[in-house]
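Thanks for coming, everyone. Please bring the structure up on your screens, and we will walk through it together.

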Amino acid sequence: MSDSSPSFTLVDVPGAVPLLGHLGAFRQRPLESLLTWWRRHGDTLRFRLGPKTFYLFSHPDLAEEILVKQSDRFVKVYNPQKPHGLALVLGNGLVTSSGEVWKRHRRIIQPIFHRSHIAAMADRMAQVGEQRVATWRDRERDTIDIAAEMMQLALEVISQTMFTTSMTQHTDRISYALQVSIKYAFDSFSNPLSLPLWVPTARNREFRSVMQFMDGLMYGLLAERRQSGANHDDLLDLLLQARDEETGEGLSNQELRDEALTIFAAGHETTANALAWTWYLLATHPEAKARFHEEVDRVLQRRTPNAEDLEHLPYTRAIFEESLRLYPPAPAVHRKAATNTMVGGISLPEGAFVLVGTYNLHRHPDFWRNPEQFRPDRWLDGGRPSSRYAYMPFGAGPRTCVGLHFASVEGPLLLALIGRRYDLHLAQDHVEPYLMVTLRPKGGIRMTIQPRHVPVASSV
Ligand code: HEM
């Protein structure tokens with residue numbers, strides 16, 4: 001950190017109890033705990049979950065320090081030899097791996113996210129969107145769970161764009177499997193008292209069973225592509241064709257499975273939650289919704305949107321950015337100090353667990369005007385925060401989300417595509433955010449789908 005940067009004072013969150021520390025409060029309401037501790041006690045906090053000590057940092061300078069400037073000292077928390085948390089599900093894929101494995105795999109995967117690919121993928125996204133929305137015709141004026149609906153839509157988008165295959169017949173089982181496995185992963189990370197996987201509890205058996213299903217699906221996809229020999233120029237091709245520069249060896253079956261499942265899971269959970277929250281925000285802000293519909297109608301003239309249209313849909317893009325600010329799908333970024341180090345004048349011991357509180361950063365009153373308000377205009381008026389790291393829904397530094405451009409196209413594109421046909425109304429009083437790896441609406445969001453125009457034929 002430069003000499004001119006402020007120094008911070010570490011505060012211990014009060015209320016720790018012997019042995020368990022703050023586990024009780026955190027387990028009950030993880031998101032609320034991180035938010036209220038920050039509001040009450042400041043930007044640099046220490047708390048305990050059982051034997052693990054965590055540092056919660058909610059200041060942009062510290063986010064930059066940890067994720068960018070000292071990124072080599074703050075590593076992912078996973079150990080492939082002793083998997084826990086998300087690594088139990090994703091293995092040693094791009095989200096969870098570190099070091100040389102991560103570097104090499106990121107080099108292999110990155111090209112699929114090149115802008116030139118994404119423009120073509122946008123047409124596929126729109127096609128999938130139109131197909132999904134066509135199924136709403138039988139449900140018009142019905143009340144649906146928009147969070148579940150967005151999950152299914154985003155799942156099909158990722159399957160079609162990355163794997164050139166449809167998952168519609170498996171959607172329910174996949175949603176269930178991911179829900180069970182991600183909850184299991186979150187518990188194993190946040191609850192030091194959870195029993196290890198080898199203990200034959202009902203919970204452990206269920207986890208094993210859903211993982212068996214997901215493994216079967218991923219290995220099946222890989223085998224099918226190998227057998228068919230078809231070339232789709234998609235992620236699956238890139239993974240199967242990758243060769244080590246020195247040894248000429250390809251990725252092992254386990255590596256292929258880990259990367260395929262990582263993109264599959266990371267590529268739809270986040271966007272689906274972002275979309276669900278956006279519909280919620282629009283439904284509770286009628287003026288913004290009217291302006292959104294006006295823009296979509298004017299620009300699209302009832303056409304299916306494509307990548308070029310996004311340039312002419314600045315308000316729609318601003319809505320998505322503002323939604324990612326208020327409800328960042330990844331509300332905290334997790335690292336471990338690889339060595340003793342100093343951050344903002346605070347010394348951290350080797351092995352310290354650090355959470356960069358994205359959710360808090362996005363609501364920090366020193367960096368945002370009216371931080372609690374949904375104001376898409378702030379993205380049009382040059383009202384961006386004074387610090388770049390006060391807004392980081394996709395993370396920062398070398399581990400920035402590989403799907404950033406993909407999601408930045410997918411989000412507004414699907415919003416426009418749905419918004420041109422439907423007006424979504426909230427059909428419940430209260431929606432509660434809750435943290436389970438990603439930020440979800442607890443119990444989903446009931447919404448009524450009201451048609452806006454006489455349905456028009458799709459142009460894709
Ligand atoms: C709104 C949507 C999305 C949000 C908010 C989001 C958020 C994030 C964040 C915060 C990280 C960094 C985590 C860290 O530093 O520990 C990340 C990493 C990652 N994301 Fe996303 N993501 C989104 C969409 C996607 C999509 C569409 C894909 C793939 C198609 C994807 C794949 C990944 C992968 C593979 C990583 C790990 C990258 C690495 O460590 O090299 N994400 N994402």
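Predicted model: local features only at pLDDT ≥ 70, side-chain atom pairs only at ≥ 80, totals over all residues.

Now step back into H2 itself. The helix covers residues 30–41, twelve residues in all. At 1.5 Å a residue, H2 should span 16 Å, and its end C-alpha atoms are 16 Å apart, so the two agree.

Which residues of H2 are buried? They are Leu34, Trp37 and Trp38. Look down the axis of H2: these buried residues fall within an arc of 100°, so they line one face of the helix. An α-helix has 3.6 residues a turn, so residues three or four places apart point the same way. Turn to the other side of H2, and you find Arg39 and Arg40 exposed.

What covers the buried residues of H2? The cover includes strand E2 (44–49), strand E3 (52–57) and helix H14 (358–361).

That brings us to the sheet. It is open, with six strands in the order E1-E2-E3-E9-E6-E4, and the pairing is mixed. At the edges sit strand E1 (11–12) and strand E4 (74–75), each pairing on one side only. E1 and E2 run parallel, joined by two bridges. Valine 11 has leucine 45, in E2, as its bridge partner.

Which helices pack here? H2 packs on the sheet and touches E1, E2 and E3. The direction of H2 makes about 140° with that of E2. Helix H3, residues 60–69, packs on the sheet too. H3 touches E3, E4, strand E6 (333–337) and strand E9 (353–356). With E9, the direction of H3 makes about 125°.

Next, a single residue. Where is glutamate 130? Look in helix H6, residues 115–134. Glutamate 130 has 18 other C-beta atoms within 10 Å, so it is partly exposed. Now find leucine 414, which is 284 residues from glutamate 130 along the chain. The C-alpha atoms of the two are separated by 9.1 Å.

Technical notes:
Residues numbered from 1 in each chain as written. Helix = DSSP H or I, 4+ residues; strand = E, 2+ residues; numbered from the N terminus. Expected span 1.5 Å × (residues − 1). Buried ≥ 20, exposed ≤ 12 C-beta atoms within 10 Å, placed from the backbone. Arc of directions from axis to C-beta. Contact = placed C-beta atoms within 7 Å. Pairing = 2+ DSSP bridges. Axes fitted to C-alpha atoms, helices over the stretch in contact; angles between N-to-C directions.
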